Structure formats: C-alpha cells, structure tokens
Amino acid sequence: MAPVNRRNWLKQTSLALAGLGASGPLLARQQPWAEVLPEQEAEPIIIRIGQNENPYGPGKAAQKAMMGAIAKSNRYAGDLATELREKIARQHGLTPEHVLLGAGSSELLGNTAALASKRKGNAVSADPTFRLWFGAAENLGLSIKKVPLTPGKLHDLEAMLAAMDGQTSMVYVVNPHNPTGTLLPDTDLRLFAEKVTKQSLLLLDEAYTEYAGVPTLANMVADNKNLVVAKTFSKIYGLAGARVGYALAHPATIKALAEWQPWANAGPSVVGMAGALAALHEEAFVQYSRQQNEKVRHATTQALKNMGFEVIPSVTNFLYYNAAPFKGNLAEVMRQANFSAIRQFEPGTSWVRTSLGTMAEMEKFLQVLKQNMV
C-alpha cells in the first residue's frame with residue numbers, strides 16, 4: 001500500500017466532512033436508527049425597537065477586539081479592568097480611583113441603591129422613570145417617593161426637592177430622561193445637585209448624554225462624596241449585550257460601592273471590556289450613530305405628528321408619544337407584525353415609548369401603524 005500523504009489525507013478528510021454536513025438530512029433518512037425531523041420553517045425576523053439599543057453597533061473595532069479577546073477568556077480580567085478604568089478616568093479628567101466598573105450601569109444603579117439603604121429611609125425619584133433598581137431598593141428597606149413629571153414630561157426638580165425629608169438617603173435622576181427623552185438644562189441640574197448632595201446621595205443616570213451631545217456632571221464628583229454618575233457602553237457605543245458600565249464618584253464613595261460587588265470591578269467580562277476599550281476610540285462610529293439617529297428621530301417624529309400623535313421632543317434614541325389616536329391594542333398589533341416596539345410606563349394612560357431603529361425599520365413600523373389606524 002502506498003504511504004499516506006498527510007496533506008492529501010487532510011484534504012480528503014475535509015472534503016468528506018464538508019460532504020457530510022451538506023448531505024446530513026439525506027444521510028439521516030438512510031439510517032434506520034436516525035430520527036427524521038420535519039423541515040422547520042424559518043423563524044420570523046423580529047424588529048427590535050423596544051429596548052433603546054443602537055441598531056448600528058457595535059463598531060467594527062469593538063467587534064474585532066471582542067473576537068480577539070475570546071481566546072483570553074480563560075484568564076481573569078484584572079489588567080484589562082485597570083486599563084479601562086484609566087482610559088475612562090482620562091476621558092473625564094479624573095483618576096482611576098474615581099471609576100468603578102459594572103455589568104452595565106444597571107448593576108451600579110442597584111449597588112448605589114444598596115449603599116443608600118444602609119441608612120433606612122426613602123429614595124426620591126421622578127415618575128415615570130427607569131425603575132430597574134426600585135425592587136432592590138425596596139427589598140433592602142428603602143421606600144420610593146415618586147414625584148410626577150411636569151406636563152411637558154420633564155423632571156419637576158422643585159417638587160423633588162420638596163419631597164425630600166430627614167429620612168431621604170438617595171435621589172435619582174435620569175438625564176436625558178428615560179422614558180420621555182427630555183433634557184434638563186445643565187445649570188438647573190447642577191444647582192439641583194448641589195442642593196441634594198448637602199443631605200443625601202444623588203444618583204445621576206447619564207446613559208443617553210452621548211446621544212444628546214450634552215455635558216456630563218462627572219467633574220462634580222472630585223469634591224463631592226454624595227454624587228454618583230452612572231454611565232454605560234450599552235447605548236451609543238452599541239454594546240448592550242456586552243454588559244459594561246461604570247460609575248464615577250469620589251474615591252471614598254467608589255470604595256463603599258465596591259463593597260457591594262464580589263470584588264471591585266468584578267462585573268464585566270474580558271470580552272466586554274475589550275470591546276469597551278476599542279469603542280472609546282471609535283469616534284467616527286459614535287458620530288455616525290448620533291447623526292443617523294437624529295435623521296431617523298426627526299423623520300419618525302414628523303410622521304407620528306402627521307398621523308395625529310402627540311410626541312414629546314426627544315434628544316435620545318427613543319420617542320415618547322400619546323397613542324390615543326390608535327383605537328386598537330397597539331402593542332398587540334405590533335407584536336403580530338413581528339415588532340418588539342411598545343413599552344408602557346404610565347398605566348392607565350395611552351403614553352408609550354418606542355425606540356429608534358434604522359430608517360428602514362422605522363418606515364416599516366410607521367407603515368404597520370398607518371395600515372391599522374381606524
């Protein structure tokens with residue numbers, strides 16, 4: 001027998017495996033012990049415009065970095081966490097000791113609520129708002145004082161200050177606001193922050209500042225132990241599934257927050273942090289995402305208004321509007337049309353939130369909406 005040539009053997013084996021993959025169903029039918037499964041119909045494509053995700057991301061550099069980091073996932077991420085904290089700190093004119101990483105900013109919102117709960121009492125928040133941390137706070141003994149938004153769907157800062165009492169251990173503000181997309185003037189917010197932090201923690205959620213192109217209050221944390229600014233890579237950076245967020249606070253406050261983690265900066269993975277590091281340098285992608293979002297937001301807002309919907313002016317990647325002109329069950333109609341699109345935050349009203357997808361996705365959404373208007 002002629003000796004086996006290794007290269008030819010590998011080539012033949014590869015071809016055989018390729019053929020096996022291509023003819024799998026046929027071979028299965030030929031084997032008496034193999035179960036023959038019915039052919040499956042393709043799953044319908046769900047257009048996801050309900051969770052404020054970036055439809056254009058992650059950026060190419062972030063994707064490449066995450067793929068390269070997979071091989072390093074057998075190691076803990078201490079060095080990577082240090083590097084990411086250093087770069088975040090430089091971006092905000094702070095030190096790494098002012099930065100704490102989390103599995104998305106949601107983890108850090110919960111950690112801050114947990115820290116506030118050590119002083120039993122209450123937390124003050126707008127209503128409606130992003131409320132993921134409410135359950136954790138209440139389970140730890142904090143009651144939530146919910147202050148209604150203004151008629152224009154803005155935080156009522158004066159009413160929130162009035163709601164504070166000697167038992168208030170935390171005040172929560174999302175700016176730009178979720179779910180309404182509204183923005184507080186920077187001067188008003190800074191004055192509010194100064195007043196609140198004289199007696200309690202202020203948790204400022206800045207998940208959408210990059211979409212609005214507005215200043216952060218991060219520079220206030222250097223000398224203020226009662227201010228926590230939560231930020232995330234989930235939104236404009238397109239890394240929602242990678243789960244990387246961070247808190248900016250005074251080093252003493254960062255240390256206290258870290259005590260609510262298994263170890264400091266434990267949340268994000270090697271893959272997620274590699275993507276976040278690359279994303280910080282993808283300014284062209286961030287600019288592209290912001291510009292596309294503005295075009296889609298303008299077009300969608302105008303189309304909704306033309307159909308008779310009241311739309312709150314938004315600076316974010318979502319719209320809050322009164323769906324009263326739609327006489328049917330809007331959420332169900334959209335679900336039947338394979339859209340995940342409708343979120344309600346004010347029970348008993350017809351106000352809903354829809355995230356912004358690509359222009360093509362929003363055109364399909366508007367088409368379904370128009371076709372089902374009574």
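The model is predicted, so please read every value here as computed from it.

- On one hand, E7 runs parallel to E6, and 4 bridges join the two; here Val 229 of E7 is the bridge partner of Leu 204.
- On the other hand, E7 pairs with strand E8 (residues 245-249) in the antiparallel sense over 5 bridges, with Ala 247 in E8 as the bridge partner of Ala 230.

**Helix H8**

- Which residues of helix H8 (residues 186-196) are buried? They are Leu 189, Phe 192, Ala 193 and Val 196.
- These residues lie on the same side of H8, because they cover an arc of only 100° around the axis.
- The spacing makes sense in general terms: an α-helix has 3.6 residues a turn, so residues three or four places apart point the same way.
- What do the buried residues of H8 pack against? Their partners are helix H7 (157-163), strand E5 (168-174) and strand E6 (201-205).
- Strand E6 therefore links two parts of this picture, since it packs against the buried residues of H8 and is joined to E7 by bridges.

**The open sheet**

- Four strands form an open sheet in the order E9-E10-E13-E12, and the pairing is antiparallel.
- At the edges are strand E9 (310-311) and strand E12 (343-344), each of which pairs on one side only.
- Helix H12 (residues 283-306) packs on this sheet and touches E9 and E10; the direction of H12 makes about 10° with that of E10.
- Within the sheet, strand E10 (residues 318-322) and strand E13 (residues 351-355) run antiparallel and are joined by 5 bridges.
- Tyr 321 stands opposite Val 352 in E13.

**The largest pocket**

- The largest pocket holds about 550 Å³ of space.
- It is lined by 24 residues, of which Gln 51, Ser 106, Phe 130, Leu 132 and Lys 235 are the closest to its centre.
- Helix H5 (residues 104-117) gives the largest share of the lining, 3 residues.

Notes
Residues numbered from 1 in each chain as written. Predicted model: local features only at pLDDT ≥ 70, side-chain atom pairs only at ≥ 80, totals over all residues. Heavy atoms only, no water. Pairing = 2+ DSSP bridges. Contact = heavy atoms within 4.5 Å. Axes fitted to C-alpha atoms, helices over the stretch in contact; angles between N-to-C directions. Buried < 20%, exposed > 50% of the residue type's maximum accessible area, 1.4 Å probe, protein only. Arc of directions from axis to C-beta. 1 Å grid on protein atoms, 1.4 Å probe; cavity = no way out; pocket = protein on both sides within 12 Å on 5 of 7 lines; lining within 4 Å. Points joined across faces, edges and corners; volume = space filled by probe spheres on them.
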